[in-house]
Amino acid sequence: MEPLDGETPLQAIARQAAAGQQSFPESSMTSLERFPYYTAFPFAWYPIVPGDRLGRGEVRPVRLLARDLVLWRDDDGDAHVMDAYCPHLGANLGIGGRVENGNLVCPYHWWEWAADGTNARIPYSERTNRKAQLRTYPTIERNGLVMFWFHPDPDQAPLWEIPELDEYLTDEWAPLEPAEWTVRCPWQELAENGPDYVHLRTVHGAASVPELESLDFDGYFNHMRSTVDFATPRGPTRGRIDTDGYGPGFSVARFSGIVDTVFFNVTVPIDWETTWSMKLYRVRGPASVGEALVRDLKKQMAEDNVVFDNKIHVPSPALADADGPILPFRRWAAQFYVDGDPVAAGRTQG
Ligand code: FES
Ligand SMILES: [Fe+2]
């Protein structure tokens, strides 16, 4: 397959869109029509904020998974994620709430909520309300990210652990500015782009595509190992791209060969229509080479987004022999959707 001279069609559209020169009518199909499999939010560990962006005593509202959540950090430094609405009379705890005595204080009548979601104090009453309970989400801080566990069943304990990737958190690896997007499709469409090697040529204009060494679907995780010829001014240089997925919310991609670059890849449903995508990049070695690679990766994401924002899901895709392992990926992805989320009920009965 011969590369085009100059940019690909989607590169041209992404460049024009970035310059504000072109816009497209949005599809009038709903996300359920475009993505019929998306009837539940997948259970997962979801990053919610880079840890260094949430100070002690800070409280803020966050909209994810079609829910209003409150994110806060107590005075001991522990982060918490809970449903946002106060069980007393419904104020949003994220808007005007404050941290006191390790509790989250509602801005409306100052009831205090403990980190386990129980009522810790009512400032104008001798007794607490023992029946009141806020839904809380198991919350950890790992690899520089505050992450919470979501499952439709609130009593389901986390089904896996996110590994500590300390090797990338040393001074050797310089963090670059993270990139964030709101994409009009589910996480699964973004993730399916990973095993789709052909698009690297046809969308991003790559001279060569990676050669898959192995792809493991290992329970809730997946691991992809590949070699690639990176284009450099001195000609192609042999390198590697290796990725590890830890459920739907968090994956890691490592590039080695010309410069060691790693990115943490975050995808979290905002609601049924949109997904929050964030990439946190770290580079080891010559900064200018790493920055050039990251600039290119960000440009590629903008090009992919043109497709994501407008595509549909083809349940029985017409595939060629040389297409990547799309169907094994979909079988892996399917395990994360389970019923029982009250926020999803009614979605399919429209
Ligand atoms: S609504 Fe929260 S204390 Fe009254
Ligand atoms: Fe891509």
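Q: How many residues does the hairpin that joins β18 to β19 run through?
A: In this predicted model, the hairpin leads from β18 to β19 through five residues. The general idea is that strands of a sheet pair through backbone hydrogen bonds, either parallel or antiparallel. Here β18 and strand β19 (residues 275-284) are paired in the antiparallel sense, over 10 bridges, and as one example of residues that face each other, Val262 stands opposite Arg282 in β19.

Q: What joins strand β17 to β18, and in which sense do they run?
A: Strand β17 (residues 250-256) is joined to β18 by six bridges, and the two run antiparallel. Within this pairing, Ser251 has Asn265 of β18 as its bridge partner. The two strands form a hairpin with three residues between them, and in its turn Gly257 has a positive phi of about 135°.

Q: How many of the 10 residues of β18 are buried?
A: Nine of the 10 are buried, so β18 is largely enclosed by the rest of the structure.

Q: Into which domains is the protein divided, and where does β18 come into their contact?
A: Domain 1 covers 9-25 + 163-334, a range in two pieces, and domain 2 covers 44-150. Their centres, taken over C-alpha atoms, are separated by 33 Å, while 16 residues of domain 1 are in contact with 12 residues of domain 2. On the side of domain 1 that touches domain 2, strand β18 (residues 260-269) supplies the largest share, which is four residues. Sorted by class, that side of domain 1 has 12 nonpolar, two polar and two charged residues.

Q: Which residues of β11 point one way, and which the other way?
A: The general idea is that in a regular strand the side chains alternate between the two faces of the sheet. In the case of β11, Leu145, Met147 and Trp149 point one way, whereas Val146, Phe148 and Phe150 point the other way, and all of them are buried. Strand β11 (residues 145-150) is accordingly described as mostly covered, with six of its six residues buried.

Q: Which strand do six bridges join to β11, and which strand pairs with β11 over four bridges?
A: Strand β1 (residues 44-50) is joined to β11 by six bridges, and these two run antiparallel; in that pairing, the bridge partner of Pro50 is Leu145. Strand β10 (residues 139-142) pairs with β11 over four bridges, in the antiparallel sense, and there Glu141 has Val146 as its bridge partner. Between β10 and β11 lies a hairpin with two residues between the strands, where Asn143 in the turn has a positive phi of about 55°.

Q: In what order do the four strands of the open sheet stand, and which are the edge strands?
A: The order is β2-β3-β4-β9, with antiparallel pairing. The edge strands are β2 (59-64) and β9 (136-137), each of which pairs on one side only. Looking at one pair in detail, β2 and strand β3 (residues 67-73) are paired over six bridges in the antiparallel sense, and Leu64 stands opposite Arg67 in β3.

Q: Is Leu65 buried or exposed, and what is its phi?
A: Leu65, found in the loop between β2 and β3, counts as buried because it has 22 C-beta neighbours inside 10 Å, where the cut-off for a buried residue is 20 or more. Its phi is near 55°, a positive value in a residue other than glycine.

Q: Is Asn101 buried or exposed?
A: Asn101 is exposed, with 11 other C-beta atoms within 10 Å. This residue is found in the loop between β5 (98-100) and β6 (103-105), and its phi is near 50°, again a positive value in a residue other than glycine.

Q: Which residues of helix α6 are buried, and why are they said to line one face of the helix?
A: In helix α6 (residues 326-334), the buried residues are Phe329, Trp332 and Ala333. Seen down the axis of α6, they fall within an arc of 95°, so they line one face of the helix. These buried residues pack against α3 (187-192), β14 (211-218) and β15 (221-230), while the face turned away from the buried side carries the exposed residues Arg331 and Ala334.

Q: How many helices and strands does the protein have, and why is it called as compact as a globular protein of that length?
A: The secondary structure comes to six helices and 19 strands. The radius of gyration is 22 Å, close to the 20 Å that the globule rule gives for 350 residues, so the protein is as compact as a globular protein of that length. Of those 350 residues, 30% count as buried.

Note on methods
Residues numbered from 1 in each chain as written. Chains lettered and ligands numbered in written order. Predicted model: local features only at pLDDT ≥ 70, side-chain atom pairs only at ≥ 80, totals over all residues. Rg over C-alpha atoms; globule rule 2.2 N^0.38 Å. Buried ≥ 20, exposed ≤ 12 C-beta atoms within 10 Å, placed from the backbone. Domains from an automatic or database assignment. Contact = placed C-beta atoms within 7 Å. Nonpolar A, V, L, I, M, F, W, Y, C, P; charged D, E, K, R; others polar. Arc of directions from axis to C-beta. Pairing = 2+ DSSP bridges.
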